[in-house]
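Reader: I would like to learn how to read ring contacts and nonpolar cores in a model. Please take one feature at a time.

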Amino acid sequence: LNSRGIWLSYVIAVTILHLVLLSIPFLNVAQAWTLTNVVHNIGNYIFLHMLKGTPWETNWDQGKSRLLTHWEQIDFGEQFTTTRKFLFLAPVILFILASFYTKYDPLHFIINLSTMLLVLIPKLPQLHGVR
Amino acid sequence: DSFEPAPRVVVFLTYLGYGILMLFGYFRDFLRKSGVETTHSAIERKNMKDFVPLYQSFESFYKRNIYMRLRDCLNRPICSVPSAEFDISERVSDDGNWHLRLTGKTRRCVNLGSYNYLGFAENKGPCADAAAEALQQYGAGVCSTRQELGNYKIHEELEETTARFLGVEDAVTFGMGFATNSMNIPALMGGKGCLILSDELNHASLVLGARLCSTVIKVFKHNDIEDVERKLREAIINGQPRRQRAWRKILIIVEGIYSMEGSIIKLPDFIRLKKKYGAYLYLDEAHSVGALGETGRGVTEYWGVDPRDVDIMMGTFTKSFGAAGGYIAGSKRLINHLRAYSHSTTYACSMSAPVAQQVISSMKIIMGEDGTNRGQLRIKQLAANSKYFRQRLVEMGFMVYGNDDSPIVPLLMYMVPKIAAFSREMYEQNVGVVVVGYPATPLTETRARFCLSAAHTREMLDKVLDDISDVGDRLQLKYS
Amino acid sequence: YRYLLVTALYMLQPWERHLFHSCLAVVLAMSVYSTSVFF
């Protein structure tokens with residue numbers, strides 16, 4: 001997540017997701033944006049806060065990372081790094097965009113807000129390592 | 001050292017490729033879990049489900065779904081001595097590389113994958129004869145440790161020769177290169193209040209050795225002197241965590257040549273730093289001893305610094321001497337301490353005598369003690385081959401990392417499928433290459449790593465370079 | 001060949017590639033349809 005081009009790839013991947021949802025005939029723009037936001041946040045939550053360990057053997061750390069989520073392993077657990085800030089901001093920006101394109105409709109707002117909180121709360125430094 | 005960054009488009013396409021492979025990986029896992037597809041990997045037995053799981057299924061996700069797809073390109077069995085050319089056994093698979101079976105055929109290939117810098121990996125010549133004689137005299141295995149009955153005369157001769165070769169007071173040798181790091185760093189940095197500063201690209205054996213002792217470990221950016229100095233200053237100013245007491249010992253661990261990057265350590269700067277701050281310097285010369293310097297003494301001779309300025313000189317006999325095992329060299333006091341307290345001398349069997357003889361013979365040839373200048377010629381040949389090969393690749397437009405003088409030439413490919421295609425295509429051209437991907441390299445920097453040898457002739461290299469250029473055009477690898 | 005290399009489809013088995021291409025075709029068809037409806 002620190003290496004070159006990962007942020008660009010992240011933005012492009014979310015854009016592709018949105019375009020695929022937008023191309024579904026029976027979805028209107030508001031539904032496409034809310035679905036983009038929901039799919040992104042659920043994927044974000046699963047990969048960063050639910051899956052523990054690494055998808056490859058890390059035999060050099062005696063299995064220490066096996067108990068940590070991906071988010072807790074970023075930058076060896078150091079808080080407030082640029083990568084963390086980026087991953088914290090992405091759902092917020094997506095939420096703002098989704099609210100704008102759903103014309104602040106209450107139902108969409110509740111769905112978007114709740115999924116955004118779902119991914120922001122585990123990212124708080126106070127919850128690092130909390131189970 | 002040159003580390004040209006990749007074009008952004010290439011990096012994005014690399015991530016896109018990983019994304020697609022992960023999507024299909026989850027899809028295949030779903031098919032396996034629902035029984036549609038047979039699972040070939042190890043799984044828990046039904047009646048063991050109440051026990052602690054033996055297999056971390058997520059941890060082998062990458063292995064199941066990415067590594068398996070290119071497994072035929074990795075760990076190819078060879079059935080000859082790994083000299084300039086070798087015989088590769090042909091393998092086929094009927095189930096997506098889960099089971100590979102030998103066809104019985106072999107293919108003679110140019111060997112660009114083995115560590116054989118000075119070309120001592122031979123099954124004939126003075127080294128092989130001397131090793132055979134040692135085999136007759138001492139037998140194959142030493143079934144005891146150095147501190148008990150496994151201390152032969154040949155081991156002492158090997159240690160004297162090594163100390164003389166490196167220009168230090170004394171040396172102790174071990175039967176395994178990896179263990180030389182992982183078993184001796186704990187013997188050097190035991191107890192609380194010690195700090196280790198380690199390069200981020202250090203070899204797994206250094207990482208394991210550092211983790212086995214209860215020291216604080218700080219990682220600095222690869223070969224970055226400013227970063228080391230900054231971390232060193234902070235560590236000395238702040239002292240130990242919580243109690244702020246001064247550190248008892250600070251050890252800086254670096255490598256002479258980084259085998260994945262092809263970069264060479266800036267040794268004079270590190271020596272200046274350690275003198276300035278009173279730290280110790282541990283130099284792992286696994287790849288540089290024998291391969292660098294006018295007379296092959298390694299990175300200390302390459303930079304023209306006094307070997308005695310390096311507190312702990314470590315190296316292996318695998319890459320340049322056609323043997324196995326490793327050594328630690330330095331002051332007599334250090335070596336006596338290691339002989340007494342190292343895990344290896346206490347628990348591990350000593351180095352096999354024929355292997356020790358192979359090292360002694362090749363080391364004497366390098367030093368010219370055999371009365372010929374063959375050692376010098378090999379060193380010059382290796383240096384010429386390395387420079388020539390690297391510069392030709394750069395001219396062709398490939399992305400090449402590292403230092404001109406390094407005998408390791410990493411050619412960057414970035415996308416995972418390209419390393420598989422490259423390895424297969426070069427195999428068709430009868431060239432044996434090593435391709436490397438995550439986790440041995442950063443995720444987006446998969447590469448082919450060429451190891452040059454003094455045994456390669458210019459004709460061989462030209463043929464290989466033409467093949468690489470053809471394959472590079474076909475696979476669009478000329479990113480630079 | 002280059003397209004397969006760049007999109008990592010080179011590492012997939014043939015039936016996986018067909019599956020990927022059919023998904024891609026569906027998405028493109030929907031995009032074309034939605035774009036035409038939109039305009």
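Reader: Which residue lies over the face of Tyr427(B), and at what distance from the ring centre?

Author: This is a predicted model. Arg76(B) sits over the face of Tyr427(B), 4.4 Å from the ring centre. In another such case, Arg378(B) lies over the face of Phe120(B), at 4.2 Å from the ring centre.

Reader: How many aromatic pairs does the structure hold over all chains?

Author: Two rings pair if their centres lie within 6.5 Å, and the angle between the planes then gives the class: under 30 degrees is stacked, over 60 is edge-to-face and the rest are tilted. Over all chains there are 26 aromatic pairs. One of them is Phe47(A) with Tyr26(B), which is edge-to-face, with 6.0 Å from centre to centre and 75 degrees between the planes.

Reader: Why does that pair join two chains?

Author: Phe47(A) belongs to helix α2 (residues 29-50) of chain A, and Tyr26(B) to helix α1 (residues 8-33) of chain B, so the pair joins two chains. Phe47(A) is partly exposed at a relative accessible area of 38%. Tyr26(B) is also partly exposed, with 31% relative accessibility.

Reader: What class of pair do Phe220(B) and Phe270(B) form?

Author: Their planes stand at 40 degrees and their centres 6.0 Å apart, so the pair is tilted. It links distant parts of the chain, 50 residues apart: Phe220(B) is in strand β5 (residues 216-220) of chain B and Phe270(B) in helix α9 (residues 267-277) of chain B.

Reader: Are Phe220(B) and Phe270(B) buried or exposed?

Author: Both Phe220(B) and Phe270(B) are buried.

Reader: Which residues form one aromatic cluster with Phe47(A)?

Author: Tyr26(B), Phe58(B) and Phe61(B) form one aromatic cluster with Phe47(A).

Reader: How many residues has the largest nonpolar core, and which have the most contacts inside it?

Author: A nonpolar core is read as a set of buried residues joined through side-chain atoms. The largest has 123 residues, and those with the most contacts inside it include Phe389(B), Phe422(B) and Phe450(B). Helix α1(B) gives the most to this core, with 9 residues. Domain 1 (8-52 + 73-111 + 377-475) and domain 2 (126-367) of chain B both contribute residues, so this core lies between them.

Reader: What is Phe389(B) in contact with, leaving aside its neighbours within four places in sequence?

Author: Its contacts include Leu112(B), Val409(B), Phe450(B) and Ile468(B). A second, separate core has 20 residues, among them Phe174(B), Cys213(B), Leu251(B) and Ile312(B).

Definitions and conventions: Residues numbered from 1 in each chain as written. Chains lettered and ligands numbered in written order. Predicted model: local features only at pLDDT ≥ 70, side-chain atom pairs only at ≥ 80, totals over all residues. Heavy atoms only, no water. Helix = DSSP H or I, 4+ residues; strand = E, 2+ residues; numbered from the N terminus. Buried < 20%, exposed > 50% of the residue type's maximum accessible area, 1.4 Å probe, protein only. Lys NZ or Arg CZ within 6 Å of the ring centre and 35° of its normal. Core = buried A, V, L, I, M, F, W, Y, C linked by side-chain atoms within 4.5 Å. Domains from an automatic or database assignment. Contact = heavy atoms within 4.5 Å.
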